[in-house]
Amino acid sequence: MAVVIEKSKFISKIFFGVFWIVAITPFFGQEFMPSVYEKISSPLFALIDFVLILLGAWVIRDKKDWFFLLLFVGFSFISTCIINDYSILFFVNGLRLYLCYIIIVPIFRYFLTDDHRSKGFIEKMDRALYIFLWLQLPTAAVQCFLYGAYDQVGGSMGWMMSGEMSTLVYLISFYLMHKNWDSSKSYIDNIRANWILIFLLIPSFLNETKISFIYLLMYFFFLIPMDKRFIKRLLIFIPCIIVIFTIAGYFYLSMTNADNNVLTAEYFKMYFSGDDDALNYMEIAAEGGIDMVENDQGDLFRGVKFAAIPLLQLREPHAALVGFGVGQFKGGTSIKKSEFAKEFEWLLKGAVMGFYMVIIELGYIGFVFTIIFWIITFRGNRKNINRQILLYQIFTVILLGIYNSAFIHPVFYLIFFYILFVNKWVGFKR
């Protein structure tokens, strides 16, 4: 028993050490030691990936975890090295984007499915999440002051992490709100009692992340107890959310100096489907081939990138089924980019959506594989599971699939999967 306890303490120290490194290093490195951070960031995060993979391999015991892991590695190897003829090094570098958040499953299984380990781990992790949530306020405020309310406002996660930071701010606050919820109090009284968690949503409005408005709606909607009085509470919720949206919208427009049109349905349609210029690129590609579009376009709208997928897949007969191989969105530092990535940089740079990345690299088989992974991952003990948190996270996964690739970032998947698995394996009722 003593050996087991020492092992768990050792793994716990490594886990939380990794967590805080990835959670705060980007902000302090970029703001106080930019030249040093630029040199060490790539090898540092490669080392973090390696450490998490080693931890997962050390504690993995469940046959389902082994089966899923080996099946995915085998399929991605066939796609990348055999069918698309890339090197082992290129394959390993690209595999990191997927392997780490698959291998994290046995780490959380190790801590959360054992009564001797789960209580202490949950206490430490909940405290870490609360501290992380507080850290976003001063770090985002500094970034907003220095660079304006744009993509550089990623809080402690650093520049260009605005979407990931905003997503986590809502998710952590939502999780802690449920943990603190008192069923003997009303909806309004609970929110009033936990007002500090609402206050800590402010960093999400210090950047341009428009998806925050969807998170805001989800946040207050999924706080409503799903019982016999749900419809009655929903009728009360509607006018409340109108007031909250009005205040949040005014605050957002004031901080970003954006045009009022950014909050209209027409703007969101254009945001996801593209403007006239972006659609013209696709017309050129459809008529003359994807190669006809010059590699000097700016970051295209998300809908345009999804529309380009079938045109890209026409280049190779195998691309629709198994993709172009993992690693297309990596490289450029220690490992060279692929010729495919260089040629179609205009489609791979900028905003990268989770589903988009999977389909490009691993085809529709890889996409189906991803869907199966999420179905298995979300299945759990229906007696103890908190349905509101479960539904909130399911919707978050769907939104991120068409919005960004948050799950390739360690701090994001560590937090997301912790909340998912503590709800699934330990469970708590409000």
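**Helix packing, a surface patch and a salt bridge**

Let me begin with a contact between two helices, in which Ser 166, Thr 167, Tyr 170, Ser 173, Phe 174 and Met 177 of α6 meet Ser 212, Tyr 215, Leu 216, Met 218 and Tyr 219 of α9. Sorted by class, the residues where α6 touches α9 are seven nonpolar and four polar, with no charged residues. Please keep in mind throughout that what we are looking at is a predicted model.

Two packed helices are described by the angle between their axes and by the distance between those axes. For helix α6, which covers residues 162–180, and helix α9, which covers residues 212–221, the angle is about 10° and the axes are 10 Å apart. Since angles under 35 degrees count as roughly parallel, α6 and α9 are therefore roughly parallel to each other.

Now, how do the axes of α4 and α5 cross? Here the axes of α4 and of helix α5, residues 115–147, come within 6 Å and cross at roughly 110°, and α4 and α5 are therefore roughly perpendicular to each other. On the α4 side the contact is made by Phe 108, Tyr 110, Phe 111 and Leu 112, and on the α5 side by Arg 117, Ser 118, Phe 121 and Ile 122. In this contact of α4 with α5, six of the residues are nonpolar, one is polar and one is charged.

Staying with α4, I would like to turn to a salt bridge that involves this helix. Asp 49 pairs with Arg 96 in a salt bridge whose closest N and O atoms are 2.9 Å apart. Asp 49 lies in helix α2, residues 34–59, whereas Arg 96 lies in helix α4, so the pair ties together parts that are 47 residues apart in sequence. As for the structure as a whole, a search of it finds nine salt bridges.

Which helix gives the largest share of the patch? That share comes from α3, with four residues, and Phe 77 is placed in this helix, α3.

Notes: Residues numbered from 1 in each chain as written. Predicted model: local features only at pLDDT ≥ 70, side-chain atom pairs only at ≥ 80, totals over all residues. Heavy atoms only, no water. Axes fitted to C-alpha atoms, helices over the stretch in contact; angles between N-to-C directions. Parallel < 35°, antiparallel > 145°, perpendicular 65-115°, else oblique. Contact = heavy atoms within 4.5 Å. Nonpolar A, V, L, I, M, F, W, Y, C, P; charged D, E, K, R; others polar. Salt bridge = Lys/Arg side-chain N within 4 Å of Asp/Glu carboxyl O.
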